Amino acid sequence: MSAHLKQDEPENSNRLDDMCQGVLGKAHPRVEGLAKVTGTAPYAAEYPIEGCVEGVLVTATITRGEVLAIDKEAALTMPGVISVIEDSRLATRAAQGTAGEAPRQKPTQVCYWGQPVALVIAETFEQARDAAAQVTVEYRNEEGAPLDPHSVEREEQEGETVTQGDLAHAMSEADHTVDATFTTKGHASAAMEPHAAIAQWDGTDLTVHASLQMLNYNISELADALDLDEDNVRIVSRFVGGGFGSKLGVSQETVAAAIAAMELGRPVRVVMTRQQVFQCVMRRSETTQRLRLAADADGQLTGFGHEALVSNLPGEDFVEPVLQSSHFLYAGENRTLRLDAARIHRMTAGSVRAPGEAVGMPTLEVAMDMLAEKVGIDPVELRLKNIPDKDPEEGLPFSSHTLADCLKKGAEAFGWEAGARRPRLRREGEWWIGTGMASAARVHNISEAKARVTLKPDGTALVETDMTDIGTGTYTILAQLAGEMLGLNPEQVLVELGDTDYPRGPGSGGSWGAPSAGSAVYVACRAIREELAKRLAIDEGTLALTNGKASTGESLSTLLDGEELAREGHYEPGAIKDDYTASGFGAFFAEVRVNHFTGETRVDRMVGAFGFGRVLNPMTARSQCIGGITWSIGVALTEALEFDPRDGHLANCDLAEYHVPVNRDVPDLEVVLIEERDGAASPIQAKGIGELGMCGGAAAIANAIYNACGARLFDFPMTPDRVIRAMPAKSNR
Ligand code: MOS
């Protein structure tokens, strides 16, 4: 039996707070933690499958052109080699959950350096790798493929363009203005677990163990790529070693393993090398952004401009949504926002860790810091002054708004010294020391989701959905949520995720996982509670369940009478989606040291305060925030994809050359969670948290660099060479 909730109204009841036992909202360690730390949680490549052979991808070494011939002879004579597969479907791109919409290309066409062109299959991985190196590919190389987004025509993204009032006029009339152009480099998701898949084909049905974020879409993409019926495809993805966007779409190793398994009739494993993950899966677009701010003498914004140029391959739909929160974060009645895309031949651009805000917010928040300096007020005060009381473009109310609270509580936790600021006030030896802050915002996303909950006569419950846990804590929060509503401890709730045989959900991405999948579990548990209440002849709204017992005294096992009680919950966002602007908010505060002679920046401490609706589990939520802040250190200081301008190949394609922040780079981070209930965001009054923690954090560091040493930088990441170049020549000491 199934229960359906299409949310049209805010959820104002306190059911999850008042009805039950306080399991939700408690710090609870990960239910799968033991399996993970003991190495018994299997990742995609680790399933022991008998007779499994190994595939290694051969990738293109040109940027644009055509494959004329592939010479397999040498490889085929090598020990253990079974086959060299040439198949145009190997080039299937990792689309962004847009099954059936991935661009179709000519079978032999090459669009980017690193595109898979062949797959070598051998008995062992080493044999396949050695043989892959002996496959020679003859190309027709089309020289002059555009690699620089500034060198080609711009495609205006009309849905993103907003022109309100007259920004140019506002700029000319304003007491204070900022007009600055920033750049950000491309980023890699850089998940620890490389992309991997094992495919099995029995002649009719395909089963794939893969590392993917959105199985509900991935199954359609895979079926589409292989011309199979979805009913004949099953994807299993129980544990995912990080995705960060790179596993939203089905990627080439999964398609390759499936093609080979179907051709050879044997199970095939394909694991990408680290270099292949960097070169052919996906990137965040580089951006160029112009920020214009106009303000009156007090710092009240009268004009707001944010224009961005991003890129992708020809034919791709995804356009880095740089302006996403610029549309509603600050007031300013004269507005110009515009997003342009350029078509260049780097690997597909897609969602990487907080697509849009991760690079849009830092530039905006540096511009705000520049404005605060011009107005001569505290940068926290400038933000507080410009919080709009409704969406400044759409006129919609906010579902909830915690920015002011986050700014104040974050400042307090950090020990922020209020007032107008001047750079270069503190120096210790070679090091300039300074502080900076920035706002955070990340739009709230929520999607249709299904989950089945079964209450068992032995006093346990089972939750099943194809939702994934990509390291975020899904297993744990769903166990807490079902436990809360059914009067059980989380230990009594078994959560089964990551299998397309279960009811379908939206998967993990865009921080929608917890509110979407959580709401499906909520709907299923409500239906179970209604049935239990009916058996007790009371109203569900008065049914309290604690420790396996109803408030009326009956135990769950008596009520179940030896039978299971199962309900499928089906949640859909309804009209409410269009009634509110919904977002998570936050504030970052950072203290940094900048070396006067080398330009090196070290982050000494950071505080992040975040409001994102109900906190389902403060332990996993805090971990998400710490992860986000850590990535914001990467955006600020180290992360940059570097492409060779001559042939377009990615030069830094491993974790040594593409530097994500490591323990040595990350100080003790303090996270302040702002509790609130946002019933318009989801029935469980929660919003997403995964990505909020990195949306703007890089600006707190950039602003702290300026406050420390007087170097105002406009290009991210702020590597030592760039800091040294921007360092004022004359020391004031
Ligand atoms: Mo995310 S970058 O939408 O996985």
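Reader: In which strand does Arg442 lie?

Author: This is a predicted model, in which local features need pLDDT of at least 70 and side-chain atom pairs count only at pLDDT 80 or more, while totals for chains, interfaces and linings use all residues. Residues are numbered from 1 along each chain as its sequence is written, and side-chain values use heavy atoms, with hydrogens and water left out. Strands (E, at least two residues) and helices (H or I, at least four) are DSSP runs, numbered from the N terminus. Arg442 belongs to residues 431–443, which form strand β19.

Reader: Is Arg442 buried or exposed?

Author: Buried means under 20% relative accessible area, exposed over 50%, and partly exposed in between (1.4 Å probe, protein chains only). The relative accessible area of Arg442 is 6%, so Arg442 is buried.

Reader: Which residues are in contact with Arg442, leaving aside its neighbours within four places in sequence?

Author: Contact means heavy atoms within 4.5 Å. On that criterion, Arg442 is in contact with Gln324, Ala354, Pro355, Glu357, Gly510, Ser583, Gly584, Glu691, Leu692 and Cys695.

Reader: Where does Ser682 lie, and is Ser682 buried or exposed?

Author: Ser682 is located in the loop between β28 (669–674) and α16 (697–709). Not counting residues up to four places away in sequence, Ser682 touches Gln7, Glu11, Ile446, Pro515 and Ser519. With a relative accessible area of 0%, Ser682 is buried.

Reader: Why do the buried residues of α4 line one face of the helix?

Author: In helix α4 (residues 125–132), the buried residues are Ala128, Ala131 and Ala132. Viewed down the axis of α4, they fall within an arc of 100° (that of the directions from the helix axis to the C-beta atoms), so they line one face. An α-helix has 3.6 residues a turn, so residues three or four places apart point the same way. What covers the buried residues of α4 includes β2 (53–59), α3 (73–76), β4 (81–85) and β6 (116–122).

Reader: What is the radius of gyration of the chain?

Author: The radius is taken over C-alpha atoms, and the globule rule is 2.2 Å times the number of residues to the power 0.38. For 733 residues, a compact globule would have a value near 27 Å, and the chain agrees, with 27 Å.

Reader: What percentage of the 733 residues in the chain are buried?

Author: The chain has 17 helices and 29 strands. Its C-alpha atoms fill a box of roughly 75 × 75 × 50 Å, taken along the principal axes. Of the 733 residues, the buried ones make up 62%.
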